[in-house]
Amino acid sequence: MSKKFKYLKMAPEIGQLYFFLNVSPFHLYSWKGTTTELYWLKTHRIYATDKDFKLAIEFVNNFYISNPEKLNYIISIPESHCEVWYGLYMDGQDIDCHSIKFDFDNEMHRDLYNKRRLYRTCEDLKNATNLITQALA
């Protein structure tokens with residue numbers, strides 16, 4: 001699995017558009033220079049072009065498929081109302097650890113499960129995020 005994409009290493013100009021690697025359907029943002037954006041830059045989540053962004057998404061998806069044991073994500077459908085964890089930004093910050101009571105009828109919950117983004121604990125999520133950050137680097 002080789003990397004063919006380039007993440008930004010330097011902060012864009014204020015107002016410049018950038019692509020942000022997350023699990024949300026929204027990926028294009030305008031740079032404001034916030035502390036959070038600088039953290040995303042440091043963790044290789046910021047891309048200048050749509051092409052690099054799409055290649056990074058493909059790389060991460062393949063990384064998930066190839067490393068279920070290392071990433072320790074949930075591999076079987078959780079029981080209804082079971083507490084599970086996910087990170088919208090997948091950047092490892094404490095504020096990005098969200099828990100939900102799993103409901104297979106909820107489209108967002110199903111989507112997170114199908115994309116291999118659900119974890120048993122917040123700690124599992126953080127560990128996976130660190131591995132993804134290392135792989136992106």
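Tutor: Let us begin with burial: a residue counts as buried when its relative accessible area is under 20%, and as exposed when that area is over 50%. Please keep in mind that this is a predicted model.

Student: Is Asn 22 buried or exposed?

Tutor: Its relative accessible area is 6%, so Asn 22 is buried. Asn 22 sits in the loop between β1 (17-20) and β2 (28-30).

Student: Which residues does Asn 22 touch, leaving aside those up to four places away in sequence?

Tutor: They are His 27, Tyr 29, Ile 57, Leu 88 and Tyr 89. With His 27 there is also a polar contact between the two side chains, at 3.1 Å.

Student: What does Leu 118 touch, not counting residues up to four places away in sequence?

Tutor: Among its contacts are Tyr 73, Ile 74, Pro 78, Val 84, Trp 85 and Ile 100, as well as His 109, Leu 112 and Tyr 113.

Student: How does one read the buried side of a helix?

Tutor: An α-helix has 3.6 residues a turn, so residues three or four places apart point the same way. In α4, the residues His 109, Leu 112 and Tyr 113 are buried. They lie on the same side of α4 because they cover an arc of only 100 degrees around the axis. The cover over the buried residues of α4 includes β4 and β5 (98-101).

Student: What is found at the ends of α4?

Tutor: Asn 106 caps the N-terminal end, with a side-chain oxygen 2.9 Å from the backbone nitrogen of Met 108. Just after α4, Arg 116 has a positive phi of about 65 degrees.

Student: Which cysteines form a disulfide?

Tutor: Cys 97 and Cys 122 do, with their sulfur atoms 2.4 Å apart. The pair links distant parts of the chain, 25 residues apart: Cys 97 is in the loop between β4 and β5, and Cys 122 is in helix α5. Cys 82 is in no disulfide, the nearest cysteine sulfur, that of Cys 122, being 15 Å away. Cys 82 is partly exposed, at 33% relative accessible area.

Student: How is a pair of aromatic rings described?

Tutor: By the distance of the centres and the angle of the planes. The structure holds 10 aromatic pairs. In one of them, the rings of Phe 5 and Tyr 47 have centres 5.9 Å apart and planes at 70 degrees, so the pair is edge-to-face. Phe 5 lies in the segment before β1 and Tyr 47 in strand β3, so the pair ties together parts 42 residues apart in sequence.

Student: What arrangement do Phe 59 and Phe 63 have?

Tutor: Their ring centres are 6.4 Å apart and their planes are at 20 degrees, so the pair is stacked. Both residues lie in helix α2, four residues apart, about one turn of the helix. Phe 59 and Phe 63 are both buried.

Technical notes. Residues are numbered from 1 along each chain as its sequence is written. This is a predicted model: local features need pLDDT of at least 70, side-chain atom pairs count only at pLDDT 80 or more; totals for chains, interfaces and linings use all residues. Side-chain values use heavy atoms; hydrogens and water are left out. Contact means heavy atoms within 4.5 Å. Buried means under 20% relative accessible area, exposed over 50%, partly exposed in between (1.4 Å probe, protein chains only). Helices (H or I, at least four residues) and strands (E, at least two) are DSSP runs, numbered from the N terminus. The arc is that of the directions from the helix axis to the C-beta atoms. A polar contact is a pair of N or O atoms within 3.5 Å; within protein, one must be able to donate a hydrogen and the other to accept it, and residues adjacent in sequence count only if both atoms are side-chain atoms. A disulfide is a pair of cysteine sulfur atoms within 2.5 Å. Rings of Phe, Tyr and Trp (its six-membered ring) pair if their centres lie within 6.5 Å; planes under 30 degrees apart count as stacked, over 60 as edge-to-face and the rest as tilted.
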